[in-house]
Amino acid sequence: MAITWTNDMTPSTRFWDKAARKYAASKIKDQAAYEKTLERTTEHLGPEDHVLELGAGTGSTALLLAKNVKSFLSTDFAPGMIEIANEKLAADRNSGVAHEGLSFLTADAFDERVQLSDEQGAGYDAILAFNFFHLVENPDDLLARVRDLLKPGGLYISKTVCLKDRAWLFGPMIKVMQLFGKAPYVSMFSFEDVEDKIRSAGFEIIETGTYPEPRSRFVVARKV
Ligand SMILES: C[S@@+](CC[C@H](N)C(=O)[O-])C[C@H]1O[C@@H](n2cnc3c(N)ncnc32)[C@H](O)[C@@H]1O
């Protein structure tokens, strides 16, 4: 199916939308680090949990994690990414391995449709965001929204690429690429920047890790 670009797409949305098929075909660079991320995340999830994922890409992580929880809404603002995620979900359904609580939606965090219904509870038990936070243009607003969407004591589980120590290299390179539509919006965070922002948004950090080394910071934070 052809991807329809709309005028309200930002350059970043267009970048990711266009990149979707290539992204889907790319291999995980560090399988051990990915598995560690899945393992640590699963440890914090329970069978009655309602989970939201932001910036899901083509849904690979959602397809692996959804079986551990009651409902799993996996979202991404790029229609092309969600189109592929739905293709994978359909294939899993055909093979009888799909979890019925899993669904995909083209949406960002501020979309009303990501709100948990009153019947489902007072907010999400967990919100997941892997390789995502450094790509968001309004990180403080995003964290405020994540906090609103979580139930009291709910968890924000994230993994963020932190490029600040190489900003001298990546900064100018990404700026030039952005001029040609070849790079999305990217923030150059340090681990401390990410963790400070999460704390300032009203969370306590209960776990951190670096998978893979040296720049992907895994953080589990509880809404206080
Ligand atoms: C690097 S990919 C990561 C995908 C997946 N989470 C993973 O770990 O492989 C980043 C994804 O975030 C999405 N994205 C970027 N900014 C976004 C935003 N503001 N709201 C929703 N999705 C966004 C992109 O479309 C892309 O699919």
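This is a short tour of a predicted model, one selection at a time.

**Helix 1.** Select residues 11-25, which form helix 1. At 1.5 Å a residue, these 15 residues should span 21 Å, and the end C-alpha atoms are 22 Å apart, which agrees. Now centre the view on Ala19, where helix 1 has a kink of about 55 degrees.

**The ligand.** Keep Trp16 on display and select the ligand. Trp16 is among the closest residues to the ligand, along with Gly55, Gly57, Phe77 and Ala78. In total, 16 residues surround the ligand. Sorted by class, this shell has ten nonpolar, four polar and two charged residues.

**The core.** Next, select Val51, Phe72, Ala126, Ile127, Val146 and Tyr156. Of the 50 residues in the largest nonpolar core, these touch the most other members. Strand 4, residues 124-130, gives this core its largest share, six residues. Beyond its neighbours within four places in sequence, Tyr156 is in contact with Ile127, Val146, Leu150, Ile198, Phe203 and Ala221.

**Glu192.** Finish in helix 7, residues 191-200, where Glu192 is found. Is Glu192 buried or exposed? Glu192 counts as exposed, because it has 11 C-beta neighbours inside 10 Å, and the cut-off for exposed is 12 or fewer.

Key: Residues are numbered from 1 along each chain as its sequence is written. This is a predicted model: local features need pLDDT of at least 70, side-chain atom pairs count only at pLDDT 80 or more; totals for chains, interfaces and linings use all residues. Helices (H or I, at least four residues) and strands (E, at least two) are DSSP runs, numbered from the N terminus. The expected span of a helix is 1.5 Å times one less than its number of residues. The bend at a residue is the angle between axes fitted to the seven residues ending there and the seven starting there. A nonpolar core is a set of buried Ala, Val, Leu, Ile, Met, Phe, Trp, Tyr and Cys residues joined through C-beta atoms within 7 Å. A residue is buried if 20 or more other C-beta atoms lie within 10 Å of its own, exposed if 12 or fewer, and partly exposed in between; C-beta atoms are placed from the backbone. Two residues are in contact if their C-beta atoms, placed from the backbone, lie within 7 Å. A residue is near a molecule or strand if its C-beta atom, placed from the backbone, lies within 6 Å of it. Ala, Val, Leu, Ile, Met, Phe, Trp, Tyr, Cys and Pro count as nonpolar, Asp, Glu, Lys and Arg as charged, and the others, Gly among them, as polar.
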